[in-house]
Amino acid sequence: MEAFLFYTLAAILVTFAILTVTAHNPVRSAVYLISALLAMAGLFFLLRAEFVGAVQILVYVGGIMVLVLFVIVLVNVGQASREPRASRRWKTGLALAVVLAVELGFLMLRGVGSFAESAPPPPAGAGNTESVGLLLYNDYLLPFEIASVLLLVALVGAVVLAKKEL
Amino acid sequence: MITTSHYLVLSLIVFTVGVVGVLTRRNVIVILMSIELMLNAVNLNLVAFSDRLHDLAGQVFSVFVITVAAAEAAVGLGIIISLYRNKETVYVDEIDLMKW
């Protein structure tokens, strides 16, 4: 059952990730990316990370992607499907990406034996959200507060950048 | 049986697809979306190791990554809007004001 779910979600994820990168129309690209992010949330649920999966759906699909779609509507995409989608130096970029993939694959082949056997079963305990919340508010309290300051800075910065005149 | 290495290989594939998107596309909005894809691949790695090691710190860190991604998307889209207002373009090869 787990294997079936994993391979289904992985196939959906990879398919929609490739479609996101190759689609002509940015609106389609955004919709494909939403599907890929939902499949990724399913993988998080499969890994017993319910809180991260829920945050993924709420923040990415509900927040970031809606923002992206708004911006796509604001800037003119009418001519987008007629313009070439790849940049002039796409061959260099593709070569660099292939080099990166080979490097990562080589490193993974060397280290993959350490994770070949299945993981030990998880210890029974409190729910995932409760444990993550306790950890977030005890051990990682300072980073948590810094993250809230970062969000405030990003909020003010985005308003300043996007506004016509202050 | 699905092991951690399955998740690592999947994460590698998604990350590489994101890199291809960043390096080959012209539209700056699509480039931003490819960056989101790469950040998500990293999150998958963090959560997979968190599940394997039974240490929730990985999940806490992926929450932080999502926070930073939200901030980055907001600022990035603000830049795109003000760029479009000034230069009437969203294509990276036409944005060459600071190119030597």
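A residue is buried if 20 or more other C-beta atoms lie within 10 Å of its own, with C-beta atoms placed from the backbone. By that criterion, buried residues make up 25% of the 166 residues in chain A of this predicted model.

View 1. The secondary structure of chain A comprises 6 helices and 0 strands, and its order along the sequence reads α-α-α-α-α-α. The model as a whole has an ipTM of 0.91 and a pTM of 0.90. For chain B the average pLDDT is 89, and 100% of the residues score at least 70.

**View 2. The side of chain A that touches chain B.** In this interface, 73 residues of chain A are in contact with 61 residues of chain B. At least two residues of that side of chain A are supplied by each of α1 (2-22), α2 (26-46), α3 (50-74), α4, α5 (128-138) and α6 (141-162), and the largest share, 12 residues, comes from α3(A). Sorted by class, the side of chain A that touches chain B consists of 58 nonpolar, 10 polar and 5 charged residues.

**View 3. Packing of helix α4 of chain A against helix α1 of chain B.** Helix α4 of chain A, residues 90-111, packs with helix α1 of chain B, residues 4-24, at an angle of about 165°, and their axes are 8 Å apart. Because angles over 145 degrees count as roughly antiparallel, α4(A) is roughly antiparallel to α1(B). The crossing in which α4(A) passes α1(B) is right-handed. On the α4(A) side the contact is made by A:Trp90, A:Gly93, A:Leu94, A:Leu96, A:Ala97, A:Leu100, A:Ala101, A:Leu104, A:Gly105 and A:Met108, while α1(B) contributes B:Leu8, B:Val9, B:Leu12, B:Thr16, B:Val19, B:Val20, B:Leu23 and B:Thr24. By class, this contact of α4(A) with α1(B) holds 14 nonpolar and 4 polar residues, and no charged residues.

View 4. B:Leu77 is placed in helix α3 of chain B, and B:Leu77 counts as buried because 24 other C-beta atoms lie within 10 Å. When its neighbours within four places in sequence are left aside, B:Leu77 is in contact with A:Leu67, A:Val68 and A:Val71. Within chain B, the C-alpha atoms of B:Leu77 and B:Ile29 are separated by 7.9 Å, although these two residues are 48 residues apart along the chain.

**View 5. Positive phi at A:Arg48.** A:Arg48 is not a glycine, yet its phi is positive, at about 60°. This residue lies in the loop between α2 and α3 of chain A. Since A:Arg48 has 15 C-beta neighbours inside 10 Å, A:Arg48 counts as partly exposed.

**View 6. Positive phi at B:Glu88.** In chain B, B:Glu88 is a residue other than glycine with a positive phi, near 60°. B:Glu88 is found in the segment after α3 (57-87) of chain B. B:Glu88 counts as exposed because 10 other C-beta atoms lie within 10 Å, and a residue is exposed if that number is 12 or fewer.

Notes:
Residues numbered from 1 in each chain as written. Chains lettered and ligands numbered in written order. Predicted model: local features only at pLDDT ≥ 70, side-chain atom pairs only at ≥ 80, totals over all residues. Axes fitted to C-alpha atoms, helices over the stretch in contact; angles between N-to-C directions. Helix = DSSP H or I, 4+ residues; strand = E, 2+ residues; numbered from the N terminus. Parallel < 35°, antiparallel > 145°, perpendicular 65-115°, else oblique. Left-handed = near helix turned anticlockwise from the far one by under 90°. Contact = placed C-beta atoms within 7 Å. Nonpolar A, V, L, I, M, F, W, Y, C, P; charged D, E, K, R; others polar. pLDDT = per-residue confidence, 0-100.
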